[in-house]
Amino acid sequence: MVAAAAVAAVAAVAACSAGTHPAAGRSPSPASTPPAQAIVPARVPGCSTATASAPELTRVPTAMESAPADPFGVVVTADGRWSFAALPDNASIGVFRIGRSDLPALVRQVYLYLTGQPLGEVLTHDGRYLLAADNEDGALVISVGRAEAGQADAQVGILGNGTAGSGAIEVAVSPDDRFAFVSLEDSASIAVYNLQRALAKGFGVADLVGTVPVGIAPVGLAVSPDGRWLYATSEAERSARVTATTSGTLTVIDLRRAETDPAVSVVATVDAGCSPVRVITSADGGVIWVTARGSDRLLGFSAARLRTDPAHSMIASVEVGEAPVGLALVDGGTKIVVADSNRFSASGAASSLAVVGVAAALAGRPALLGYLSAGGFPREMALEPDGRTLLVSNFSSGQLEAVGVADLP
């Protein structure tokens, strides 16, 4: 029943958006969380064909590096020396060296075994392991050190054996690196795995702790900076009847409870526009940002109100480009770059990167600063540690893009 509903939901929400649009490293800004008296609820948007006009930011440098296959997830190591890109079309991880030039250079591929397709990625906080959702029910676990050194045995195991569900697309880890959370797009749930046990005792069926029930077609995951909460987006409500105008949701999960009893770990669920697909948090955890792909909008939620007053938790809504997916905070948290994917090739539309001012968005003022060029279907992003360069995976054009965010207006 759930799997069938998920398929129907994906088909329905994919048709929601068809609009067009014309042609770092600093401490987090106080603007990342507005003062309590400044919080004004915003209206939840529905599905929309409208996108925003804004100038092209032609003075911001961008450069493209070809990838050997269509890149999906992308991450950067804490020392800023390496980037890893998931290459689902040939079941590998691209290992890119970051040097003095603007562009990372591909040095090798780590070919994976016993897997479908590597998709969303995350690095453990200790920097030792790379996890990539496997498009099945779990995640591939790769040794970062071995991958950097070019060793053949870089993959150390796989979380999942087909019992949790299917459609694994994004992955997150707990702050202590003991647990991994995987969004199962086809199964309306988040799988919880004991990563520490798997690494210590060998990967097996006992690694699965259980699943968190969420909305239909869950995708995005983000852990709060204090490690208490896990946020998850779902493209449609958990409902028996899904239509093209069904709202998607943002779910708040008690992370520690999810590690022991995931079935009862949901704290709150709110409407999050049409087809919400990615989520991040501000550096202080006070604001949760979501891309509503079918609404062509970036949405902001008060983290405190999500738990205490969910109905009034949305505090920002910014119209951007066509079918926004990935997003990243840059310039010390004062700006957000949004990947306008144009995933469904809307008539007259083009892929782009929208740049949004955080303070203006939270104050309800015009916040779209402009657009940057992108390749085909920009999908995921990773900011290099010095805060000066943002890497973007351009999925359909097979490129890794470097954006000089230090030069944003």
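Entry 1, ground rules. I am working from a predicted model, in which local features need pLDDT of at least 70 and side-chain atom pairs count only at pLDDT 80 or more, while totals for chains, interfaces and linings use all residues. Residues are numbered from 1 along each chain as its sequence is written, and side-chain values use heavy atoms, with hydrogens and water left out.

I looked for pairs of cysteine sulfur atoms within 2.5 Å and found one disulfide. Cys47 and Cys274 form this bond, with their sulfur atoms 2.2 Å apart. I noted that the S-S torsion of Cys47 and Cys274 is about 70°, so the disulfide is right-handed. Cys274 is buried, at 1% relative accessible area, whereas Cys47 is partly exposed, at 30%; buried means under 20%, exposed over 50%, and partly exposed in between, with a 1.4 Å probe and protein chains only.

I took a pocket as an open set of points on a 1 Å grid over the protein atoms alone, where a 1.4 Å probe fits, with protein on both sides within 12 Å along at least five of seven lines; lining residues have an atom within 4 Å of a point. The largest pocket holds about 1600 Å³ of space. Of its 48 lining residues, Val122, Ile280, Met381, Ala382 and Leu383 are the closest to the centre. For the second largest pocket I recorded about 310 Å³, and of the 23 residues in its lining, Phe72, Ile169, Glu185, Arg343 and Arg379 are the closest to the centre.

Technical notes:
Grid points are joined across faces, edges and corners, and a volume is the space filled by probe spheres set on the points.
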